Protein chains: 2
Amino acid sequence: MSPAKSEAPIGVFDSGLGGLTVAREIMRNLPKERIVYFGDTARVPYGNKSKTTVIRYSRQIVRFLKQQEIKAIVIACNTATSMAFDEVREEAEIPVIGVVEPGAVMAARTTVNKQVGVIATRATIQTKAYTKAIHAIDPEINVISQAGPLLVPLVEEGWLHDRITDEIIMRYLDDLLEHDIDTLILGCTHYPLLRSEIRKLVGDKVTLVNPAYETAKELERMLAESGLENEKAVEPDEPYPYRFFVSDEAERFTDFANSILPVDIKTARIIPIEEY
Amino acid sequence: MSPAKSEAPIGVFDSGLGGLTVAREIMRNLPKERIVYFGDTARVPYGNKSKTTVIRYSRQIVRFLKQQEIKAIVIACNTATSMAFDEVREEAEIPVIGVVEPGAVMAARTTVNKQVGVIATRATIQTKAYTKAIHAIDPEINVISQAGPLLVPLVEEGWLHDRITDEIIMRYLDDLLEHDIDTLILGCTHYPLLRSEIRKLVGDKVTLVNPAYETAKELERMLAESGLENEKAVEPDEPYPYRFFVSDEAERFTDFANSILPVDIKTARIIPIEEY
């Protein structure tokens with residue numbers, strides 16, 4: 001593999017803001033890697049769209065990302081991973097990682113009583129992607145799923161530490177806790193932002209699995225195995241090791257990004273993604 | 001005006017499901033009129049998109065509706081009315097009515113203490129469309145606005161009569177009630193579905209203005225003035241006086257429509273709206 005190739009950025013995409021929690025874990029855990037992020041802020045959310053539509057949108061994004069000369073793609077969106085993983089891999093022709101598999105592997109490894117809960121968007125739950133991925137590892141694990149459609153709007157409204165948010169989380173988790181789960185997958189990239197609330201509500205006996213973190217670790221393994229890891233540290237004065245593109249509302253995006261990322265980003269460029 | 005023209009349907013469009021509350025009022029108040037409805041369910045919601053994007057999407061929808069040989073257009077979406085009314089009128093070349101003006105007129109006529117509240121999506125509030133329309137009638141009216149981004153997801157989750165919904169409504173209305181409003185505009189087409197909850201919470205002293213109803217009345221006036229009203233009752237056995245088109249998730253759309261419309265709809269056809 002040529003050095004030029006290993007210095008190429010990782011392409012990361014999501015339906016909007018949530019995937020930034022995955023970008024954050026890559027920045028923290030793989031500080032030498034460059035990132036090109038695309039957030040489909042014009043067409044967010046994906047969680048209530050059909051498979052056909054999510055596949056069409058994901059293919060357009062992959063075509064855009066490939067023009068940025070990336071070396072690998074991370075689908076930082078549970079819905080897109082659940083609905084369009086195979087199509088993204090076909091379109092990409094470079095290594096692709098989704099968020100579902102790494103989260104499922106960690107959950108299967110963590111559970112002792114074999115009762116695993118998943119909260120995610122309606123679309124992700126309907127695909128049964130987590131259930132299938134966990135059963136491929138251990139068919140004896142009982143996977144209990146719950147769609148939580150209000151959690152993304154609550155995060156985007158900024159009500160992160162709020163009594164109303166707590167009540168809504170508890171309503172969604174009620175059934176899972178009755179099943180005595182010992183492991184809970186935060187199956188939507190927005191949910192890690194509610195992690196401390198969820199931790200407080202489920203108590204110490206339930207292990208929270210954050211697929212964003214597991215995905216960064218899986219990316220690290222994959223890059224090492226394929227000789228694609230960047231061994232040269234990014235120069236501190238390199239102007240744009242992280243570049244951000246969106247389909248709409250660039251300013252709201254950068255505000256949100258700066259509230260959760262370990263680095264400050266100045267701009268996000270708007271791309272007419274429908275034309276790709 | 002030829003009889004054929006007056007028998008043509010009204011084109012009604014919205015970002016998704018909310019505009020069905022406007023279609024419902026047209027069905028109730030103008031039973032002789034045919035309707036072609038388009039709901040942009042692939043790209044919903046419009047409430048957090050930029051003006052440029054909402055204009056582009058609205059123009060595509062108008063081009064589709066015009067192929068259905070409609071005689072007039074109702075923009076059954078507060079965000080699209082606030083952001084794209086002039087562009088829709090330019091593209092349409094037939095009479096166009098939005099939801100903002102009729103709601104603003106009724107609010108200005110209703111208020112006694114000249115304190116009017118508006119709740120709407122973030123995008124509608126940012127355009128100040130209701131404030132401008134009310135001030136054009138009476139600049140002395142004090143318009144107090146509040147964005148309520150969680151209300152649409154709550155309606156779509158079906159939590160219509162729910163303690164959590166009540167709490168969220170109260171948090172949004174708190175500031176408006178402190179201003180002693182005597183009139184409240186439900187400035188998003190989803191909100192009439194929360195009308196009985198809002199009524200319960202604000203009490204008898206506040207008059208609720210439902211722009212969906214006012215828009216149907218304005219449509220009636222406009223059709224009469226321009227000689228476009230349909231004078232022949234639709235035959236009871238006419239198969240499709242109401243036709244529905246969406247950009248995604250047709251089944252979820254018909255389920256929702258059948259829960260709120262006075263007639264049963266069998267199907268909604270999916271249209272590749274990006275190609276218009």
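Reader: Which residue of β3(A) is the bridge partner of Ile10(A)?

Author: This is a predicted model, in which local features need pLDDT of at least 70, side-chain atom pairs count only at pLDDT 80 or more, and totals for chains, interfaces and linings use all residues. Residues are numbered from 1 along each chain as its sequence is written, while chains are lettered from A and ligands numbered from 1 in the order in which they are written. Strand β1 (residues 10-14) of chain A runs parallel to β3(A), and 4 bridges join them (strands are DSSP runs of E of at least two residues, helices runs of H or I of at least four, numbered from the N terminus; two strands pair if DSSP finds at least two bridges between them). Within β3(A), the partner of Ile10(A) is Ala72(A).

Reader: In what order do the 6 strands of the open sheet of chain A lie?

Author: β3(A) also pairs with strand β4 (residues 96-98) of chain A, in the parallel sense over 3 bridges. The edge strands, each pairing on one side only, are β4 and β10 (269-270) of chain A. With parallel pairing, the order in chain A is β4-β3-β1-β2-β9-β10.

Reader: Are the residues on the two faces of strand β3 (residues 72-75) of chain A buried or exposed?

Author: In a regular strand the side chains alternate between the two faces of the sheet. In β3(A), Ala72(A) and Val74(A) lie on one side, and Ile73(A) and Ile75(A) on the other. A residue is buried if 20 or more other C-beta atoms, placed from the backbone, lie within 10 Å of its own, exposed if 12 or fewer, and partly exposed in between. By that criterion the four named residues are all buried.

Reader: What angle does the direction of helix α11 (residues 211-225) of chain A make with that of β4(A)?

Author: Helix α11 of chain A packs on the sheet and touches β3 and β4 of chain A (contact requires C-beta atoms, placed from the backbone, within 7 Å). Axes are lines fitted to C-alpha atoms, for helices over the stretch in contact, and angles run from 0 to 180 degrees between N-to-C directions. The angle with β4(A) is about 160°.

Reader: How many residues of chain B are in contact with chain A?

Author: Chain A contributes 17 residues to the contact between the chains. Helices α8 (151-157) and α9 (163-178) of chain A each supply at least two of the residues on its side. The number on the side of chain B is 17.

How values were computed
Two residues are in contact if their C-beta atoms, placed from the backbone, lie within 7 Å.
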